[in-house]
Amino acid sequence: MYRLVPSPTARARLGAVAIAALACLAPPAHAGKTLDGIKSRGQLACGVSTGVIGFAAADSQGHWRGLDVDVCRAIAAAVLGDANKVRWVPLSAQQRFTALQSGEVDILSRNTTWSLTRDAALGLHFAGVTYYDGQGFMVAKKSKVSSAKQLKNAEICVQSGTTTEKNMSDYFRAQGIKVKPVVFDKFEPSIKAFFSGRCQAYTTDASALAFIRAKEAPNADDYTVLPEIISKEPLAPAVRRGDDEWFAIVKWTVNALIEAEELGITQARVDGLKASPDPAIQRFLGVGEDLGKSLGLDREWAARAVKAVGNYGEIFNRNVGADSPLKLPRGLNALWNKGGILYAQPLR
């Protein structure tokens, strides 16, 4: 008896057909328990910082603004149809992980570094980098210090409960330099201590140093940020483990904000681009293929997110970039095809 054996090429074609057929037969994703709770209460609970201008801070009218804030607003627009349906929960560095683990918040969008121990040991999933940062040092110009390597025996103000404290210890140990950490539980007392002269240097993420120097210093020109960046600080929103559906929604909303910039979809152009012949833009806006079905959402989820807060470039410029008081350069946070390393996973 003879048996027909398909060639490797034929087997590959059959496999592709089978995968496509299974994709067509797959049922829409269930929304998941976290999204069910959000829809039931009609509000997204978003954990943010207690006040870091550019990332999350309340203005004089009590309205929250910042890059981390806009991530939550985009998610609320995607899942609830309204970017304003967010309950803001200000959290200290010590409170943030417990608040997420306990269910007090649905998402932590609070300038938090994605690291192995946090990812693997705290019961969290990080949903994608929203800002590539790094730790630096600020000193008074009158100190004549021009490098972190000149801080021997210096007292350095640092906030506890962060990666900052350990990074500083590791850096100076590797350099063979002894320093004296002056540790504070909260952000505000730490910067007040530095500007009062309690410490010779202050250390935190470089983005926060720019804010502190511009907005908190008695006179910004009296202080300088040293050139050394001693760590990688990929800042990312996080969700609890155990709800893969919610994790997927948050992850792909972050990707959508970046993809929108790549595709040239801006806040003002969302509706006008629905007639575009570009298949990628059609998919994104829900005119063509329905990507929302796989997330348990409708087909216009991504379009609503961008219409509410803009694409990643607009969010960056408004909050921390050229159109903000901080005026931070895009740097690593530029798109991968514009000299940076920011990269959206494909929405297809």
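Biologist: How far apart do the C-alpha centres of domain 1 and domain 2 lie?

Modeller: The C-alpha centres of domain 1 and domain 2 lie 31 Å apart. To the contact between them, domain 1 brings 10 residues and domain 2 brings 11 residues, where contact means heavy atoms within 4.5 Å. This is a predicted model, in which local features need pLDDT of at least 70 and side-chain atom pairs count only at pLDDT 80 or more, while totals for chains, interfaces and linings use all residues. Residues are numbered from 1 along each chain as its sequence is written, and side-chain values use heavy atoms, with hydrogens and water left out.

The domain assignment gives domain 1 as 33-130 + 236-320 and domain 2 as 134-231; such bounds come from an automatic or database domain assignment. The size of an interface is often given as the accessible area lost when the parts come together. Between domain 1 and domain 2, about 870 Å² is buried, a value summed over both parts and computed with a 1.4 Å probe. Carbon and sulfur atoms give 52% of that buried area.

Of its 348 residues, 51% count as buried, that is, under 20% relative accessible area with a 1.4 Å probe, protein chains only. Among contacts between residues at least 6 apart in sequence, 70% join residues at least 24 apart.

Key:
Buried means under 20% relative accessible area, exposed over 50%, partly exposed in between (1.4 Å probe, protein chains only). Buried area is the accessible area (1.4 Å probe) that two parts lose on being put together, summed over both.
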